[in-house]
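Here is a quick, friendly briefing to read with the structure open in your viewer. Take a look at the chains first, then work through the notes below.

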Amino acid sequence: MTPAPGSSTAIAPLDAAVPAVSGKAAPPPSAVDPAAGVIARRGRVALWAGLALLLVAPLIGLYPVFMMKALCYAIFACAFNLLLGFTGLLSFGHAAFLGAAAYATGWLVRSAGWSPELGVLAGTAFAAALGLLVGLIAIRRQGIYFAMVTLAMAQMIYFIWLQAPFTGGEDGLQGVPRGRLFGVIPLENDLVLYYVVLAIFVAVFGFILRVVHSPYGQVLKAIRENEPRAVSLGYDVDRYKLLAFVLSTALAGLAGSLKCLVLGFASLTDAHWALSGEVVLMTLLGGMGTLAGPVVGAFTIIGLQDFLADKVGSWINVIIGAIFVICVVAFRRGFVGELIAWQRRRRAR
Amino acid sequence: MEIFGIPIQAFLGQLLLGLVNGSFYAMLSLGLAVIFGLLGIVNFAHGALYMIGAYVAWIGLDSFGINYWVSLVLAPVVVGALGVVIERLLLRHLYRVDPIYGLLLTFGLALIAEGVFREQFGVSGQQYDVPELLQGATNLGFMVLPNYRGWVVFASLTVCLGTWFLIERTRLGAYLRAGTENPQLVQAFGVNVPVMVMLTYAGGAGLAALAGVLAAPVIQVQPLMGSNLIIVVFAVVVIGGMGSILGSILTGLALGIIEGLTKVFYPEASNIVVFVIMAIVLMIRPAGLFGKEK
């Protein structure tokens with residue numbers, strides 16, 4: 001089900017391949033690296049191959065609902081990676097935005113009778129607004145404090161959902177209808193919805209690719225590498241970081257809204273800190289700071305959870321925790337990062 | 001007698017409960033601050049260590065008949081030893097990389113610990129009886145003080161002030177503070193820094209376990225008791241700033257009391273009041289109340 005580690009689903013172009021917070025481990029990518037062109041070309045081939053695989057996935061027997069769920073988390077992880085991998089900001093409360101959008105979409109579509117496309121748009125906008133609010137507070141601290149502040153803010157939002165009257169408390173918001181896209185396309189059909197979700201996923205991936213390679217993305221990278229230097233070059237660092245935060249939370253919201261439509265419910269688990277941790281793990285496992293890494297990581301973790309769900313019970317958290325520990329101690333580049341490093345080593349010889 | 005329309009008994013009761021919670025915040029944020037100072041690691045597993053401390057006490061009483069007073073010493077030793085293992089096996093590989101990896105690793109450890117205890121003991125809370133010596137209550141005239149709660153506040157304040165004294169007023173503490181500033185130089189003076197770092201983590205873990213044992217009779221002992229607390233403690237640390245020991249103790253106590261008072265006047269907000277205060281402090285004084293601006 002899950003693309004095997006290092007399978008052809010994903011190799012990122014080289015310039016996006018340096019792990020974000022690698023300490024002293026990774027050398028900076030050099031412009032004269034003779035291998036860069038070849039690896040970038042192979043990366044592009046792998047991306048197209050991955051897309052082809054996703055296009056035929058339901059036809060070769062992969063269960064569409066599983067694939068949709070995995071794609072939603074892949075969007076979530078890509079959004080998260082925009083912050084951690086390309087800006088160097090660790091948000092430890094990203095589930096708050098996914099959950100907020102899921103609740104907003106769920107409530108609007110189910111109780112207010114909105115159409116699915118408007119519901120998803122509104123959910124995304126709501127997450128972005130919340131992201132702006134949290135971002136304004138969180139960017140006042142750097143580094144590890146940023147992580148603690150986002151975690152605390154997310155916990156506050158979690159408690160608000162827990163007590164708010166319209167979220168259904170512990171039960172969540174059940175029975176959200178999928179409806180018809182633009183009033184015509186019936187989303188109740190899993191296959192139709194799958195291709196809608198896939199189209200949105202591809203659009204998000206393309207958008208992030210564009211952002212990362214834009215002048216704006218270059219400034220983000222400069223901030224990641226050396227914030228004081230970016231400040232001294234005259235960049236208003238806080239504004240760049242805030243925009244990155246809002247973009248990331250909006251996309252996380254998009255993932256939440258879609259997930260709510262796909263599965264038909266929004267619940268407290270969507271906003272819980274455990275999910276905030278999982279998205280970090282997806283990104284880390286796949287390869288932070290690579291373009292395709294979060295996608296590989298999301299499919300791996302969701303696949304693992306799906307596969308183990310009825311086999312191990314609550315040991316699943318122990319397994320997730322153990323993967324976390326192993327990744328941090330011995331596998332900080334992640335699948336895609338290791339693959340790129342291996343290619344580069346081979347070329348360098 | 002009433003204060004703002006609230007019976008004074010209820011008011012003082014919540015105030016005391018807030019003080020009890022505040023002393024747990026103080027002990028935990030103290031440990032976090034000391035560990036962060038020397039290891040540069042934000043110890044997410046701190047909540048799990050606190051939970052394990054409470055479970056050591058509960059298992060001790062339930063299965064081996066070990067009483068509360070022995071647990072008060074035993075649990076910190078057991079959890080401190082666990083801390084040594086964690087530091088030697090895992091954390092030591094992370095001192096040269098970005099501090100976020102330390103947070104992620106200890107997050108993973110917390111998930112493992114929670115999962116294991118959930119599998120063993122289920123999610124429901126276990127009752128730990130108040131030791132005989134501290135049962136009952138004392139009438140102070142203006143309020144009835146449950147003896148155990150009074151003891152918790154007294155004991156944790158003593159431990160916090162003891163830690164403060166150890167770090168700020170002794171030779172060992174001077175080494176610790178010097179190690180925080182410049183480990184290479186301290187090493188060059190002949191102090192065994194790696195051992196000091198290891199013992200610091202063990203000490204912080206022991207402190208968390210001690211808080212867990214103190215908490216066991218007041219709250220239900222259950223696997224998730226740590227992670228819900230640790231996030232609040234993070235907010236406490238952000239509010240206080242990790243710069244000063246006395247600062248973290250004071251911030252912890254004050255926030256506990258504020259939380260308790262919120263329970264009296266506006267119970268719906270009692271869960272979030274600490275986070276709201278954090279947001280306000282960040283807007284006004286980003287480095288925290290006692291932190292130094294870098």
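G65(B) has a positive phi of about 65 degrees, and this residue sits just after helix 2 of chain B. Keep in mind as you look around that the model is predicted.

**Helix 2 of chain B**
- This helix covers residues 46-64, and at 1.5 Å a residue its 19 residues should span 27 Å.
- The C-alpha atoms at the ends of helix 2 of chain B are 26 Å apart, which agrees with that expectation.
- Most of helix 2 of chain B is covered, with 14 of its 19 residues buried.

**Where the chains meet**
- On chain B, 36 residues are in contact with 36 residues of chain A.
- Helix 4 (99-121), helix 9 (225-240) and helix 11 (273-284) of chain B are the elements that each give two or more residues to the side touching chain A.
- Helix 4 of chain B gives the most to that side, namely 16 residues.
- Sorted by class, the side of chain B that touches chain A holds 26 nonpolar, 4 polar and 6 charged residues.

**The largest nonpolar core**
- This core has 203 residues, and the members that touch the most others are I75(A) and A152(A).
- Helix 2 of chain A (residues 64-87) supplies the largest share of the core, 17 residues.
- Which residues is A152(A) in contact with, leaving aside its neighbours within four places in sequence? They are I231(B), F234(B), A235(B), V238(B), F275(B) and M278(B).

Definitions and conventions:
Residues are numbered from 1 along each chain as its sequence is written. Chains are lettered from A and ligands numbered from 1 in the order in which they are written. This is a predicted model: local features need pLDDT of at least 70, side-chain atom pairs count only at pLDDT 80 or more; totals for chains, interfaces and linings use all residues. Helices (H or I, at least four residues) and strands (E, at least two) are DSSP runs, numbered from the N terminus. The expected span of a helix is 1.5 Å times one less than its number of residues. A residue is buried if 20 or more other C-beta atoms lie within 10 Å of its own, exposed if 12 or fewer, and partly exposed in between; C-beta atoms are placed from the backbone. A nonpolar core is a set of buried Ala, Val, Leu, Ile, Met, Phe, Trp, Tyr and Cys residues joined through C-beta atoms within 7 Å. Two residues are in contact if their C-beta atoms, placed from the backbone, lie within 7 Å. Ala, Val, Leu, Ile, Met, Phe, Trp, Tyr, Cys and Pro count as nonpolar, Asp, Glu, Lys and Arg as charged, and the others, Gly among them, as polar.
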